[in-house]
Amino acid sequence: MKCPFNIFSTIKLEPVKIAIADDHKLFRQGLGQILARNEDYQVVLEAASGEELLEEIGNAAPDVVLLDLFMKGMDGKEVAGLLLKQYPDVKIIILSMNYSPEHILQLMRVGVHGYLPKDIDQGILSDAIGQVVTKGYYINDDIAQVMRQGLQAGDIKPTRSKVAIPSLNVGLTDREMEVLALICKGYNTAKIAEELFISYRTVEGHRKNLLEKTGASNSVSLAIFAVKYQLLDF
């Protein structure tokens, strides 16, 4: 006998709870109204400053915080650092028109989960929120390119071979750390092999191990992982 209806169609997921912190009232309210049109989101807090966000976030309990980088009083970087210490499960997306590699790398090191320009369209914002909730991070191609340029401009070196990262069941070897540093500089497999005097196949093996150990899916997410956990000196 066939079931007269699909029981799974009656299951409704809880909306993603979102907090917005921006000292420009019009932008804050406009963003809130846009998100409110989507039943997948619930705006639970609008804050005009980092101080207000920190004061109210415990009661609002958002899943995602959309955080302006430059606000009066505490800036986004300082607020993000405090939030991640107090509420490590909250995902933070920085909103800013500043594309400075320095700012992006600093924020990735703090541990933010995404970085978006303020002039994005609704579709990209929705995609970013979905990815930080499901994958843990979102970096679009433009921001990723700026981040890689910042890494490539510096003298990148691995900080240590033994890393104490909860998400790593097995530590990274000295050679894997060397390969990781060169991946973050934008080197392809052939260039890494030439730089380290090892075979192409050996490099590919190290790359595969890095992806498996870190849970990263590609070179960009490997770079994000390396910056987030401060595996590189630059």
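The expected span of a helix is 1.5 Å times one less than its number of residues. Helices are DSSP runs of H or I with at least four residues, strands are runs of E with at least two, and both are numbered from the N terminus. Helix 5 (residues 122–134) has 13 residues, so at 1.5 Å a residue it should span 18 Å. Its end C-alpha atoms are 18 Å apart, which agrees.

The structure is a predicted model, in which local features need pLDDT of at least 70 and side-chain atom pairs count only at pLDDT 80 or more, while totals for chains, interfaces and linings use all residues. Residues are numbered from 1 along each chain as its sequence is written, and side-chain values use heavy atoms, with hydrogens and water left out.

Helix 5 is capped at its N-terminal end by Asp-121. A side-chain oxygen of Asp-121 lies 3.1 Å from the backbone nitrogen of Gly-123. This is judged as a polar contact, a pair of N or O atoms within 3.5 Å; within protein, one must be able to donate a hydrogen and the other to accept it, and residues adjacent in sequence count only if both atoms are side-chain atoms. The buried residues of helix 5 are Leu-125, Ala-128, Ile-129, Gln-131 and Val-132. Buried means under 20% relative accessible area, exposed means over 50%, and partly exposed lies in between (1.4 Å probe, protein chains only). An α-helix has 3.6 residues a turn, so residues three or four places apart point the same way. After helix 5 comes Gly-136, with a positive phi near 100 degrees.

Six strands form an open sheet in the order 2-1-3-4-5-6, with parallel pairing. Strand 2 (41–47) and strand 6 (138–139) are the edge strands, and each pairs on one side only. Two strands pair if DSSP finds at least two bridges between them. Strand 1 (residues 16–21) is joined to strand 2 by six bridges. Here Val-16 has Tyr-41 of strand 2 as its bridge partner. Strand 1 also pairs with strand 3 in the parallel sense, over four bridges. Ile-18 has Val-64 of strand 3 as its bridge partner.

Strand 3 is mostly covered, with five of its five residues buried. Val-64, Leu-66 and Asp-68 point one way, while Val-65 and Leu-67 point the other way. In a regular strand the side chains alternate between the two faces of the sheet. Five bridges join strand 3 to strand 4 (residues 91–95), and the two run parallel. Asp-68 stands opposite Leu-95 in strand 4. From strand 3 the chain crosses through helix 3 (residues 76–86) to strand 4, in a right-handed β-α-β crossover. Right-handed means that, with the strands pointing away from the viewer, the path from the first strand over the helix to the second runs clockwise.

Ala-61 is partly exposed, with a relative accessible area of 37%. Phe-197 is exposed, at 76% relative accessible area.

Charges also sit over rings. The criterion is NZ of Lys or CZ of Arg within 6 Å of the ring centre and within 35 degrees of the ring normal. Lys-118 lies over the face of Phe-27, at 4.6 Å from the ring centre. Lys-191 lies over the face of Tyr-187, at 4.4 Å from the ring centre.
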